[in-house]
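Reader: I have a model open and some questions about it. Can you take me through a few details?

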Amino acid sequence: MPRTFQMPLTAVLVPLFAAAILAQSVPEVKLPPSPLGQAAVQLGGRWEKTADGERYRDGKWLVVDYGRPLLRGRTGIFGSGADYGKRVNPDAAIWRVGANDTTRLTTQASLVIGGKTIPPGVYNVFADLKPGAWTLVLSTQARQPKYDPNDKVLLYGTYNYDAKHDVLRAPMAVRTTDTSVEQLTIGFANVTAGAATLTVSWDTTVASVDVKLGS
């Protein structure tokens, strides 16, 4: 009687087991194309020694909420010459400094930016883009709770933007770096007890403006 070849059970199970592990190693990720981001800092507080260790007291929050687009292989995202800013902002005169909904700055304290003081509150954040010369714009225009293309008054992103609601315009320092930042990043640098530098970094461009506590 001829001998029948039988594959060892382990030779069958090992590839199946390996395939199962591989499938489990790729987790599902549910993110919008431009994920939400937040930058935050506390100013004006102080460290105190307590029975439980040091505690930071009486700090005032500055918070920026924004959408964070990615380059995804694009280069020179801000363009140059007459086309500067058109790629990130093709259909409006001003950039939302992010994606999707309007970027917002929430401050618990009065702030001095570009020599002008604004009171505590919530502000829309924009940037007027010119080559090497950005202008930070803060606005109090009322926003849409959810995008409605039929609404021609309330703000969403830069849709319906109206400059009459601007409360502050301040020049930003702009520089080019050797390092490309993949995802738009807003942050606070050079933080002291009563001041910080607000930074906007994307691709090889970094724009910044100094912010300090008002009296």
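Author: Let's start with R96, which lies in the loop between β4 and β5 (104-107); strands are DSSP E runs of at least two residues, numbered from the N terminus. This is a predicted model, where local features need pLDDT of at least 70, side-chain atom pairs count only at pLDDT 80 or more, and totals for chains, interfaces and linings use all residues. Residues are numbered from 1 along each chain as its sequence is written, and side-chain values use heavy atoms, with hydrogens and water left out.

Reader: Is R96 buried or exposed, and what is the nearest side chain of opposite charge?

Author: R96 is buried (under 20% relative accessible area, 1.4 Å probe, protein chains only). R96 has no salt bridge, meaning a Lys or Arg side-chain nitrogen within 4 Å of an Asp or Glu carboxyl oxygen. The nearest side chain of opposite charge is D91, 5.1 Å away; Arg counts as positive and Asp as negative.

Reader: What is R96 in contact with, neighbours within four places aside?

Author: D101, T103, V125, F126, G157 and T158, where contact means heavy atoms within 4.5 Å.

Reader: Switching to β4. How many of its residues are buried?

Author: 6 of the 8 residues in β4 are buried.

Reader: And how is β4 joined to β1 and to β5?

Author: β4 runs antiparallel to β1, with 8 bridges, and antiparallel to β5, with 4 bridges; strands pair if DSSP finds at least two bridges between them. V41 has L62 in β4 as its bridge partner, while V63 stands opposite T106 in β5.

Methods: Buried means under 20% relative accessible area, exposed over 50%, partly exposed in between (1.4 Å probe, protein chains only).
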